[in-house]
Amino acid sequence: MPDESAQVRFLIVGRTGWIANMVAELLEQRGERYAFASFRLEQREACELELDALRPQRVLNCAGVTGRPNVDWCEDHRRETVRSNVLGVLNLADCCASRGIHLTNFATGCLYHYDDGEHRPTAEGGRPFTEDDPPNFFGSYYSRTKAMVEELLRSAFDNVLILRLRMPVSDDLSPRSFVAKIARYEKVVNIPNSMTVLTELLPVALDMSERGLTGVYNFTNPGSISHNEVLELYRKYIDPKFQWKNFTLEEQAKILKAGRSNCELDVRKLLRDNPGAQIREVHAAMEEVFRRMQAKGVKPLAAP
Ligand SMILES: NC(=O)c1ccc[n+]([C@@H]2O[C@H](COP(=O)([O-])OP(=O)(O)OC[C@H]3O[C@@H](n4cnc5c(N)ncnc54)[C@H](OP(=O)(O)O)[C@@H]3O)[C@@H](O)[C@H]2O)c1
């Protein structure tokens, strides 16, 4: 149970969020004392009052505007997006910094896209993006706010751990999971991407928070996997009758308001600093996700 009394060890921001609830479940399993924050990110006074009342040792920020039904929403709601993703996150980081509290920010790696040169897909001889490569994807307002806040956090706050997730995948068919998202689309592009297998990586996030690591980490499994490879696993383990259609990036652009990032991240820093952690190559990790889903009897998604 969340501990609402003083001196919780972990304070989670984002009470109703998908990732926040998985993090809470993990803390529960570990028998940790934690609470969910009741303030909005941008509410300075409420944030300060709660930090002073609960005195958490660690704050885990899983809150942010992600858009509903998807990030296209952010294109037409720019002030709301800035309020949470920039002003709010900076406010939280600043309130934590002035109290000496470590903050883990669940951020995004959707700051990059492949180019025709050095950053081609690795299968074509390209090099994955490191934490020090400057963002080169500005096709969505959501990603732009995330890039702006990352730059401010990394340059001004030494209490913050920034974990860049991409296309997170859970062991179910939650509508937030990348698998369920693409399995529901009428047509999908087919591009290799870095993905974050949450069952493997959320425990690593908590360990990194415990150890007080700071700075930016690409937070995905190593390697990249294409949309079709993921859907083939879905067909193999969940729905043998499943079929899908591909379309090109140019065709996709016609039905979206904002662009979508496609890229592979370099995770050598993550692996170097977490030598004991089980972080499998993404194909092996995804195969395990589907095996776990099959073992617990996950049913195919209803046709859209
Ligand atoms: N899911 C993905 O595909 C993905 C990929 C990469 C990175 N991430 C990042 O990981 C984080 C968590 O993602 P998620 O998928 O768990 O998102 P989610 O399910 O949309 O949850 C976001 C949470 O943030 C809360 N929130 C938004 N603005 C807030 C504010 N100003 N103050 C306090 N709470 C606020 C929302 O509460 P309300 O509904 O009450 O506003 C909600 O509880 C986000 O920052 C997201 O950008 C997600």
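Is A284 buried, partly exposed or exposed? A284 counts as partly exposed, because its relative accessibility is 36%; buried means under 20% relative accessible area, exposed over 50%, and partly exposed in between, with a 1.4 Å probe and protein chains only. The tour returns to this residue after a view of the whole.

**Before starting**

This is a predicted model, in which local features need pLDDT of at least 70 and side-chain atom pairs count only at pLDDT 80 or more, while totals for chains, interfaces and linings use all residues. Residues are numbered from 1 along each chain as its sequence is written, and side-chain values use heavy atoms, with hydrogens and water left out.

**The whole protein**

Display the protein as a cartoon. It has 11 helices and 8 strands; helices (H or I, at least four residues) and strands (E, at least two) are DSSP runs, numbered from the N terminus. The radius of gyration is 19 Å, close to the 19 Å that the globule rule gives for 304 residues, so the protein is as compact as a globular protein of that length. Here the radius is taken over C-alpha atoms, and the rule is 2.2 Å times the number of residues to the power 0.38. Along the principal axes, the C-alpha atoms fill a box of roughly 55 × 40 × 40 Å.

Next, switch to a surface view. The accessible surface comes to about 14000 Å², and 50% of it belongs to carbon and sulfur atoms; such areas come from the Shrake-Rupley method with a 1.4 Å probe, and for residues only the protein chains shown count as cover. Of the 304 residues, 55% are buried. Among contacts (heavy atoms within 4.5 Å) with a separation of 6 or more, 80% are between residues 24 or more positions apart.

**The annotated span**

Select residues 9-184. In the UniProt record, an unreviewed entry, the annotation "domain: RmlD-like substrate binding" covers this span; UniProt positions are given in the numbering used here, feature names are shortened, and annotations may be inferred rather than shown by experiment. The span is 40% helix and 14% strand, and its end C-alpha atoms lie 39 Å apart.

Zoom to R9, in the segment before β1 (10-13). R9 counts as buried, with 18% relative accessibility. Leaving out residues up to four places away in sequence, R9 touches E32, R33, P56, Q57, R58 and E210.

**Backbone features**

Move to R55, in the loop between α2 (44-54) and β3. R55 is not a glycine, yet it has a positive phi of about 45°. Its relative accessible area of 48% makes R55 partly exposed.

Now select R68 and P69, which are joined by a cis peptide bond with omega of about 5°. P69 belongs to the loop between β3 (58-61) and α3 (72-75).

Continue to the loop between β5 and α6, where M167 is found. M167 has a positive phi of about 40° although it is not a glycine. M167 counts as buried, at 14% relative accessibility.

The loop between β5 (160-165) and α6 also holds S177. How much relative accessible area does S177 have? The value is 0%, and S177 is buried. Apart from residues up to four places away in sequence, S177 touches W18, P168, V169, S170 and D172.

**Helix α8 and its cover**

Select helix α8, residues 227-237; its buried residues are H227, N228, V230, L231, L233, Y234 and Y237. Their cover includes α6 (178-184), β6 (187-188), β8 (245-246) and α11 (282-295).

Go to R260, in the loop between α9 (249-255) and α10 (268-273). R260 is partly exposed, at 26% relative accessibility. Neighbours within four places in sequence aside, R260 is in contact with N70, V71, D72 and F137. A distance drawn from the C-alpha atom of R260 to that of P192, 68 residues apart along the chain, reads 13 Å.

Return to A284, which is found in helix α11.

The last stop is A302, in the segment after α11. A302 counts as exposed, at 64% relative accessibility. Its C-alpha atom is separated by 8.6 Å from that of R184, 118 residues apart along the chain.
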